[in-house]
Amino acid sequence: MLDIDNFKRINDTYGHNEGDAILVNLATTLRAQLREDAVIGRWGGEEFVVICSAKNHNIATRIAERIRQSIAVSELSLYLRVTCSVGVTNIDRSATLQDNLERADKALYQSKQDGKNRVSTGFYLAAEPMPHGG
């Protein structure tokens, strides 16, 4: 799960048209950083959910960090540098969708609390290995 840092301030300062352009550019940047089988969805306002396969927790975290870095250096806006905070977790197949999203959201919140423009993790210890991919 990722959230554009200070998005309300962007909309308030530069207008909703600029905010909308940033959202479109962010989606394009996400798509360029991920494999075709990844699922990207806008979760609300300035939040996005990304579902992709990774062989292990370290790879998942590296994917999230690559996304964060690519957004930080991309030209999402003509007026300012845009950053995002990311929360990454693995899917617990025995949990509900809501529980999995809440774990990702808690990790995202940790990134915001720790100063924004960073990746935090909220992995659980799985009884079965994560699906292979990468």
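A: We may begin with burial. Serine 85 has a relative accessibility of 0% and therefore counts as buried. The model is a predicted one, and serine 85 is found in strand β4, which spans residues 84–88.

Q: Which side chain forms a polar contact with the side chain of serine 85?

A: The partner is aspartate 5, and the polar contact between the two side chains is 2.6 Å. The side chain of serine 85 also reaches a backbone atom, the nitrogen of asparagine 117, at 3.2 Å.

Q: Which residues does serine 85 touch, leaving out those up to four places away in sequence?

A: The list includes Met1, Leu2, Asp3 and Asp5, and also Leu108, Ser111 and Lys112. Lys116, Asn117 and Arg118 are likewise touched by serine 85.

Q: How should I read the phi angle of asparagine 117?

A: The general idea comes first: most residues other than glycine have a negative phi. Asparagine 117 has a positive phi of about 55°, although it is not a glycine. Its place is in the loop between α4 (97–113) and β5.

Q: What is the phi of asparagine 6, and where does this residue lie?

A: Asparagine 6 is not a glycine, yet its phi is positive, at about 60°. Asparagine 6 lies in the loop between β1 (2–4) and α1. With a relative accessible area of 31%, asparagine 6 is partly exposed.

Q: Let us turn to strand β5. Is serine 120 buried or exposed?

A: Serine 120 belongs to strand β5, residues 119–121. Its relative accessible area is 9%, so serine 120 is buried; the cut-off for burial is under 20%.

Q: Which residues surround serine 120 in contact terms?

A: Residues up to four places away in sequence are again not counted; serine 120 then touches Val86, Gly87, Val88, Ala107, Gln110, Ser111 and Asp114. With serine 111 there is also a polar contact between the side chains, at 2.8 Å.

Q: Where is alanine 64 found, and which residues does it touch?

A: Alanine 64 is found in helix α3, residues 57–73. At 6% relative accessibility, alanine 64 counts as buried. Beyond the residues up to four places away in sequence, alanine 64 touches Val86, Val88 and Val119. The C-alpha atoms of alanine 64 and glutamine 33 are separated by 9.7 Å, while the two residues are 31 residues apart along the chain.

Q: How does one describe two helices that pack together?

A: Two packed helices are described by the angle between their axes and the distance between the axes. Here, helix α1 (residues 7–14) and helix α2 (residues 16–33) have axes that come within 6 Å and cross at roughly 135°. The two helices are therefore oblique to each other.

Q: Which residues make the contact between α1 and α2?

A: From α1, the residues are Phe7, Ile10, Asn11 and Tyr14; from α2, they are His16, Glu18, Gly19, Ile22 and Leu23. By type, the residues of this contact divide into five nonpolar, three polar and one charged.

Q: Is histidine 16 buried or exposed?

A: Histidine 16, which is in helix α2, is exposed, with a relative accessible area of 54%. From C-alpha to C-alpha, histidine 16 and leucine 78 are 14 Å apart in space, and they are 62 residues apart in sequence.

Q: How is valine 39 placed, and what contacts does it make?

A: Valine 39 lies in strand β2, residues 39–44, and is partly exposed at a relative accessible area of 48%. Leaving aside neighbours within four places in sequence, valine 39 is in contact with Val49, Val50 and Ile51.

Q: How many disulfides does the structure hold?

A: A disulfide is a covalent bond between the sulfur atoms of two cysteines. The structure holds zero disulfides.

Terms used. Residues are numbered from 1 along each chain as its sequence is written. This is a predicted model: local features need pLDDT of at least 70, side-chain atom pairs count only at pLDDT 80 or more; totals for chains, interfaces and linings use all residues. Side-chain values use heavy atoms; hydrogens and water are left out. Helices (H or I, at least four residues) and strands (E, at least two) are DSSP runs, numbered from the N terminus. Buried means under 20% relative accessible area, exposed over 50%, partly exposed in between (1.4 Å probe, protein chains only). A polar contact is a pair of N or O atoms within 3.5 Å; within protein, one must be able to donate a hydrogen and the other to accept it, and residues adjacent in sequence count only if both atoms are side-chain atoms. Contact means heavy atoms within 4.5 Å. Axes are lines fitted to C-alpha atoms, for helices over the stretch in contact, and angles run from 0 to 180 degrees between N-to-C directions. Angles under 35 degrees count as roughly parallel, over 145 as roughly antiparallel, 65 to 115 as roughly perpendicular and the rest as oblique. Ala, Val, Leu, Ile, Met, Phe, Trp, Tyr, Cys and Pro count as nonpolar, Asp, Glu, Lys and Arg as charged, and the others, Gly among them, as polar. A disulfide is a pair of cysteine sulfur atoms within 2.5 Å.
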